[in-house]
Amino acid sequence: MPLNAHAAARLRAKKRSRSSTAAQDSSSTASAEIPRKLATSSTTSQPKAKRLRTAAPKDLGWKSITLPAELGFDDDGGLLELDEVEGVDVVYEDGRIAFKVRDDEGVAQPSSNSTKKGKGKATERDDDDEEEWQPVTDGPVEEEGDEPAFDDNEVLEFPPEEDADEPSTPSVPATTATPPSLDGPPEPEPAAKQEKKKKAKAKKDAAKAGKQVATEAVALPPTKPFDAASELPAWAHLHIANPLYRALAESGFSKPTEIQDRALKLNSPANAEEPHVSAFAAPHAERDVVGIAQTGSGKTLAYGLPILSHILSQAPTPTPRAASPSGSDFSDASDELPPTRLAALILCPTRELALQVRQALSTVAVRTLPLLPSSPETDKLAPEDPRRRQKGRLVQVVALTGGMSVDKQKRQLEKGVDIIVATPGRLWDLIGEASTHSDLLVREIKGIKFLVIDEADRMIENGHFAELDNIVRLTRRTPEQAANGYVDDFDASITSRSNVNQLPARPDMRTFVFSATMSKELQTNLKRKGGQRKFVPRAVEGDITSLDDLLDKLDFRDPDPEIIDLSPEHGLVETLKECKVECLQNEKDIHLYHFLVRYPARTIVFLASIDGIRRLHPLLELLKVNVIPLHSGMQQRQRLKALDKFKSSTDGVLLATDVAARGLDIPAVSHVVHYQLPRSADTYVHRSGRTARAGTAGLALQLVAPEEKKVQRMIMASLGRADDLPSLPADFSILDQLKRRIELAKQVDQAHHKLQKQTHDDKWLRETALAMEVDLDDDTYDSDGDAPRASSKKERSKLAYQNRALRQQLDDLLRKPLMVRGISAKYLTTRNKVGLVDQLVGGTSHNKIFGLDQSSALEDLARAPREKKKAQKKLADQRAADKVGSEAESDGSA
Ligand SMILES: Nc1ncnc2c1ncn2[C@@H]1O[C@H](COP(=O)(O)OP(=O)(O)OP(=O)(O)O)[C@@H](O)[C@H]1O
């Protein structure tokens, strides 16, 4: 087996101790990879401190040499007698190995060139060369977020409504502003700044291009219907409006997910022929749906596509205000009122989810329009920019959530919308205003064709009972409408005009209730009630406090709503792997930090409280983890920015409360960590479902303290499982090193808070003294009790000094590499038959932990049982050998 000699320059190689237990190849010769120049050099001169540059290992010009065993290698694999080499320093920067090459040594190419010119090509550099050499970074390259950023609920400005009913024409939609991106602030790196500038320029160019495009008329042939049968055969059997096929193809959704297939089949006109449908008393053939399907299975489009399909197949309705003969006046008789435009109301439990649903539906809506032919101007625009599209019917989707400007939302409503995605709180605020706006909104809601309750079970938990109740009442039929004598207890005083209150709700409204979790008991109840529900829904007294209550309050027009239950047996997605780490409560920080360092990837860490996030966030930040907090104590804008930032970083760590547990569809989340276990199995399912979405693999890790064992067993039991989760393996020598870092980071944090508090107290005292015209001697202070006191200058500077010193210590510690036990920082040799240089040169070395190969948590988890078996066998062999030895000894002594 080839052994790798170390590349450490300036190190006089001495015989390594034989203490290493790893058995090594002891063949008489061994080949080693040594930087070309280093292998031949024997000078001992120190590289000059100036003009050192970082070189990538692969650019160092390694060459294989054959070393006779007597020259260099003992049977430990240790390196003997290789003399000092020069020109390359092995240094440890930010916890990583880095090779520093002196310019005048010219050992290797500057990285930027050498990667282009090929491995190992060394060129001499002139000392007078003033050109700056760029350091090579081996770190992961930051990728652009692959999802469009949340756009602060800006409704995309689609082509003017008047044109909506016209067939596609050659002209181009009017210029509109590009939806603003909420990109998080980039790192203050010069490269990032440049990138930002570039983006800004590109955006400007795109805006310019958009204007240009808008002013030029592009002659286009009329758009042909999309040929679903040949281009999207897996969808062709489902009856949806033709432009949607184009949108699905453009989205890369080659086939429907199971829940989509099942839900859309109920949309099919073919169903009208089926006996169970003909039994449906209402004058329509479409069904109400209660859909339960695993997380990430595409439920949004399962209800979204029937809605979009319905809208696209209807003749466009003019905006209510514009069409109303008397503007906003509702004094006319109800039958003279203009038709309503709003087709669907989608209720979501959280703001983020509502914004995400809006985004998902808007994207599909835009994609129903064909792209304009490619041109230098249009190509600069984002594909979701309506200016890239041909004119046609564009569905308007608006999100009404808290934390956003009410006025803006009203303006959007005024323009006319097809779909409202709302959280109950904000929607009810808008309705309850008792203004012309709210009357209009009530009238629109009464006319909806679809009512959707997304994440239905969470909706109940969210504390919006009253609002939800009131909104749901608007969609119920009046006694006259329902042949069952249904009593609508809608409070007439909610809106300002009684004639709006008396408007009937749409008789053929469809109701969709979706969630990833719903108790079997509830489903059974629902089924059992099907017959009764036909005409007599249960009168629910008081608030809606359970999903059962909600289902009873919903006025399903379908007496037998279709229940599609695709929930997996154990509630979790098949592509999700679970594991655990059992540790004490106060060791969770170490294990979390270990996991994040060992397996850098997009990760969501769930905590039980905002306080927990406020404690952990600064700690991990001090440890240089790319950590992003998300909780309900943050302003909406901050929350959206946090999500945006998380989406655009490949190794971001989102520290979140359960506000992020449901529905959020963030691409490529590799890991979910339950820092604290949730209190219910449903929340566990939803939290874990933020990874392993749409058929991808993912891992959920539970950090379980002894006091949580009971909760854990309960969760597992309610998912129908024993606690058989595998433990994630950890290297204890690394944990020790991480523990030191964490302890120091905690001290830094405490010192920082102490200083901050003191500064704050001092400021307050000084301001108070000034206001009271009292002299406050800086060097004297009141030291009794807990009352805030002004600190002396000496005290303050001592604190500040301590603070700085601790930070410095932490920085120094973070710069030191993490080393697996048994390897040396000085000699990059071989450990457990793994060549460390091989790892570095081959790029397989772990970025932060020296001595480990890069591997994913899933790979390590899969290997864990084999490794455990091996370790057990080794231990058993060792014990057996010890036993034989001691028996032989005792025989000998006898
Ligand atoms: N037919 C399809 N083919 C491939 N991907 C799809 C398809 N339909 C939806 N997706 C993608 O799957 C992902 C998950 O979809 P969605 O958010 O609707 O899941 P969900 O079932 O609502 O999840 P949750 O229960 O967590 O809210 C999204 O990124 C979506 O774009």
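Visitor: Before we look around, when is a residue called buried, exposed or partly exposed?

Guide: A residue is buried if 20 or more other C-beta atoms lie within 10 Å of its own, exposed if 12 or fewer, and partly exposed in between. Please keep in mind that this is a predicted model.

Visitor: Thanks! Then what makes Lys-624 partly exposed?

Guide: Lys-624 has 16 other C-beta atoms within 10 Å. That value falls between 12 and 20, so Lys-624 is partly exposed. You will find Lys-624 in the loop between α23 (610-622) and β15.

Visitor: What is said about the phi of Lys-624?

Guide: Its phi is positive, about 65 degrees, although Lys-624 is not a glycine.

Visitor: Let's visit the ligand. Which residues are closest to it?

Guide: The closest are Thr-295, Gly-298, Lys-299, Thr-300 and Ala-694, out of 18 residues that surround the ligand. Helix α10 (residues 299-313) gives the most to this shell, with three residues.

Visitor: What kinds of residues make up the shell around the ligand?

Guide: Six are nonpolar, nine are polar and three are charged. At least three shell residues come from domain 1, and at least three from domain 2 (576-730).

Visitor: You named Ala-694 there. What makes it partly exposed?

Guide: Ala-694 has 14 C-beta neighbours inside 10 Å, a count between 12 and 20, so it is partly exposed. Its loop lies between α25 (681-688) and β18 (698-704), and its phi is near 45 degrees, a positive value in a residue other than glycine.

Visitor: Now for helix α14. Which of its residues are buried?

Guide: In α14 (residues 406-415), Gln-409, Gln-412 and Leu-413 are buried.

Visitor: How do you know that these three are on the same side of α14?

Guide: They cover an arc of only 100 degrees around the axis, which puts them on the same side of α14. The face turned away from that buried side carries the exposed residues Asp-407 and Arg-411.

Visitor: What do the buried residues of α14 pack against?

Guide: They pack against β8 (397-400), α15 (424-431) and α16 (436-446). Just after α14, Gly-416 takes a positive phi of about 100 degrees.

Visitor: Which residues touch the most other members of the largest nonpolar core?

Guide: Out of 152 residues in that core, they are Leu-308, Ile-419, Val-421, Val-452, Val-605, Leu-654 and Leu-655. Apart from it lies another core, of seven residues, among them Ala-55, Ala-56, Ala-98 and Val-101.

Visitor: What makes two residues count as being in contact, and which ones does Leu-655 contact?

Guide: Their C-beta atoms must lie within 7 Å. Leaving aside neighbours within four places in sequence, the contacts of Leu-655 include Val-605, Leu-607, Ile-613, His-617 and Pro-629.

Visitor: Finally, how much of the protein is buried?

Guide: Buried residues make up 41% of its 894 residues. The protein has 30 helices and 22 strands.

How values were computed
Residues are numbered from 1 along each chain as its sequence is written. This is a predicted model: local features need pLDDT of at least 70, side-chain atom pairs count only at pLDDT 80 or more; totals for chains, interfaces and linings use all residues. Helices (H or I, at least four residues) and strands (E, at least two) are DSSP runs, numbered from the N terminus. The arc is that of the directions from the helix axis to the C-beta atoms. A residue is near a molecule or strand if its C-beta atom, placed from the backbone, lies within 6 Å of it. Ala, Val, Leu, Ile, Met, Phe, Trp, Tyr, Cys and Pro count as nonpolar, Asp, Glu, Lys and Arg as charged, and the others, Gly among them, as polar. Domain bounds come from an automatic or database domain assignment. A nonpolar core is a set of buried Ala, Val, Leu, Ile, Met, Phe, Trp, Tyr and Cys residues joined through C-beta atoms within 7 Å.
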